[in-house]
Every structure is written in structure tokens, then in C-alpha cells.
Amino acid sequence: MATVKKTTAKKTTKKKEVTRQDVITAYMEYVLEHEKTPKSVFKFAKHNDMSEAEFYNFFGSFEGLRKEIWNTFFTMTMDVAHKSEDYHGFSNREKMLTFFYTFFELLTLNRSYVLFALHENQQMMGKMEQLKGLRKHVKGFAKELIQERNESKTNILLERSESVYSEGAWIQMLFLIKFWMDDDSPGFEKTDMAIEKSVNTIFDVFDNTPLDAVLDFGKFLWKERNA
């Protein structure tokens with residue numbers, strides 16, 4: 001009687017497709033674990049079990065990847081805001097407050113990476129390069145808010161400059177990032193206070209009641225500086 005040999009088919013495990021988010025997460029983890037940026041795309045890809053081609057499917061360089069991380073922070077912030085049923089009924093002031101509160105909550109979740117990314121580039125130009133995309137997004141968001149405000153004004157004299165307002169919002173963002181980086185208060189409660197006061201100030205300026213607001217904000221900054 002012939003014997004039948006039992007054959008076992010080899011199981012092949014299909015490699016998981018690499019996504020844009022996979023590359024971003026791998027990069028953030030790499031720099032935190034090694035406390036330095038990778039020397040080359042080849043070494044980074046090999047370290048993370050991916051090919052160079054998979055990296056280049058999404059990013060042309062590490063510089064482009066770093067910019068995209070900040071773009072992702074903005075996109076995620078807006079996604080969270082728009083998922084709130086109340087957001088669409090908010091005033092422009094409330095939308096700006098929601099944006100900054102949510103953005104800095106997200107930065108806090110990624111604080112170690114953000115501190116590394118901004119401290120690694122000691123030169124201001126190096127820091128600003130990776131923030132180029134974020135600057136464009138923040139200014140665009142601010143322009144939308146001021147456009148909505150201007151559309152509600154029947155008197156052209158009450159309209160506000162979109163370019164001035166959007167640039168002011170970006171400067172405000174830079175100030176708050178620096179404030180948050182230096183904030184050592186529990187739960188970063190001082191940053192929350194700075195957000196509230198700075199947003200209220202910039203809106204009060206545009207509502208033609210700047211003096212008290214600016215003085216109050218200045219006193220707050222002076223107090224925090226000397227605390």
C-alpha cells in the first residue's frame with residue numbers, strides 16, 4: 001500500500017503596506033530614541049523595515065517630512081474642532097480659542113518631539129523652515145475668520161484687513177509656542193491663560209477697544225516673566 005506524504009503549505013505573511021502616517025510615526029520615534037536625526041534615508045528605512053522607495057512615495061527628504069509633521073498637527077486640530085457639534089455655531093473669537101486650545105493639547109501629547117525639533121535647530125531660520133506649511137495654514141484659517149466678520153459688516157469702514165489680521169495670528173502662534181515651551185506650570189495652565197488673553201486681545205484690537213485689553217495682556221506677560 002502506497003503511503004501518502006503529508007505536505008504542509010508554507011504560510012506567507014504579506015508585509016503590511018507602509019502609509020504616510022507610518023513614516024511620520026517612525027521618524028518621530030527614531031529621533032526621540034536616538035536623540036538625533038537619522039543620517040540618511042537608507043539607514044532610516046532599513047531601521048524601520050521599509051524600503052527607500054516606500055519613504056520616497058510620501059516624502060522627498062527629511063526636511064519635507066518635518067514640515068509635514070507640523071501640517072499634520074494643524075490638520076488634526078481642525079478635524080477635532082469640526083467634529084464638535086457646537087463649533088459651527090461659535091463666534092470667530094470662540095473658533096480661534098478652540099483652535100489654539102486644541103492645537104496646544106495636541107502639541108502637549110507630542111511635547112518631547114516638539115521640544116527636540118525646535119531645540120535641535122538653534123538658528124531661527126532653521127526653525128522657521130519646518131514651520132512654513134504651518135504658517136500658511138494658520139494664516140489661511142485666520143483669513144477665513146476675518147472674511148466671515150467682514151461679510152457681516154454693512155459699513156466698509158468697519159471691515160478689517162485680512163493680511164494684517166492673518167499675520168497677527170501667525171505672530172501670536174509663534175509667541176504661544178515659545179511660551180508653551182518655557183511653561184513649567186502643572187497641566188500647562190499658564191499657557192491656557194496666555195491663549196485666552198492673547199486671543200481676546202487680538203479680537204479686542206479689531207473691535208476698536210484695544211487699550212484696556214493690551215494693558216491687561218502686557219501686565220500678564222510681565223507678571224509671568226518675573227514669576
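# Helix packing and a salt-bridge network

Helix 4 and helix 6 are oblique to each other, in a scheme where angles under 35 degrees count as roughly parallel, over 145 as roughly antiparallel, 65 to 115 as roughly perpendicular and the rest as oblique. The model is predicted, so local features need pLDDT of at least 70 and side-chain atom pairs count only at pLDDT 80 or more, while totals for chains, interfaces and linings use all residues. Residues are numbered from 1 along each chain as its sequence is written, and side-chain values use heavy atoms, with hydrogens and water left out.

The chain contains eleven helices and zero strands. Helices (H or I, at least four residues) and strands (E, at least two) are DSSP runs, numbered from the N terminus. Of its 227 residues, 39% count as buried; buried means under 20% relative accessible area, exposed over 50%, and partly exposed in between, with a 1.4 Å probe and protein chains only. Taking contacts between residues at least 6 apart in sequence, 67% join residues at least 24 apart, where contact means heavy atoms within 4.5 Å.

**Helix 6 and its partners**

Helix 4 (residues 62–83) packs with helix 6 (residues 111–120) at an angle of about 135 degrees, and the two axes are 12 Å apart. Axes are lines fitted to C-alpha atoms, for helices over the stretch in contact, and angles run from 0 to 180 degrees between N-to-C directions. This crossing of helix 4 and helix 6 is left-handed, meaning that the near helix is turned anticlockwise from the far one by less than a right angle (clockwise would be right-handed). On the helix 4 side Arg66, Ile69, Trp70 and Phe73 meet Tyr113, Val114 and Leu118 of helix 6. That contact has six nonpolar, no polar and one charged residues. Here Ala, Val, Leu, Ile, Met, Phe, Trp, Tyr, Cys and Pro count as nonpolar, Asp, Glu, Lys and Arg as charged, and the others, Gly among them, as polar.

Helix 6 also crosses helix 9 (residues 162–182), at roughly 115 degrees, with the axes coming within 11 Å. Helix 6 is therefore roughly perpendicular to helix 9. The crossing of helix 6 and helix 9 is left-handed. Arg111, Val114, Leu115, Leu118 and His119 of helix 6 meet Ile177, Trp180 and Met181 of helix 9. By class, the contact of helix 6 with helix 9 has six nonpolar, one polar and one charged residues.

**Salt bridges**

Side chains of opposite charge can pair when their charged atoms come close. A salt bridge is a side-chain nitrogen of Lys or Arg within 4 Å of a carboxyl oxygen of Asp or Glu, and the structure holds seven salt bridges. Among them are these:

| Salt bridge | N to O distance |
|---|---|
| Glu63 and Lys67 | 3.7 Å |
| Lys132 and Glu129 | 3.4 Å |
| Lys67 and Glu129 | 3.0 Å |

Lys67 lies in helix 4 and Glu129 in helix 7 (residues 124–130), so this pair ties together parts that are 62 residues apart in sequence. Salt bridges that share partners join Glu63, Lys67, Glu129 and Lys132 into one network. Glu63 and Lys67 are four residues apart in helix 4 and so are separated by about one helical turn. Glu63 counts as partly exposed at 39% relative accessibility, and Glu129 counts as partly exposed at 22%.

**A buried lysine**

Lys95 lies in helix 5 (residues 92–109) and counts as buried, at 11% relative accessibility. Leaving aside neighbours within four places in sequence, Lys95 is in contact with Tyr87, His88, Phe90, Phe141, Leu145 and Glu148.
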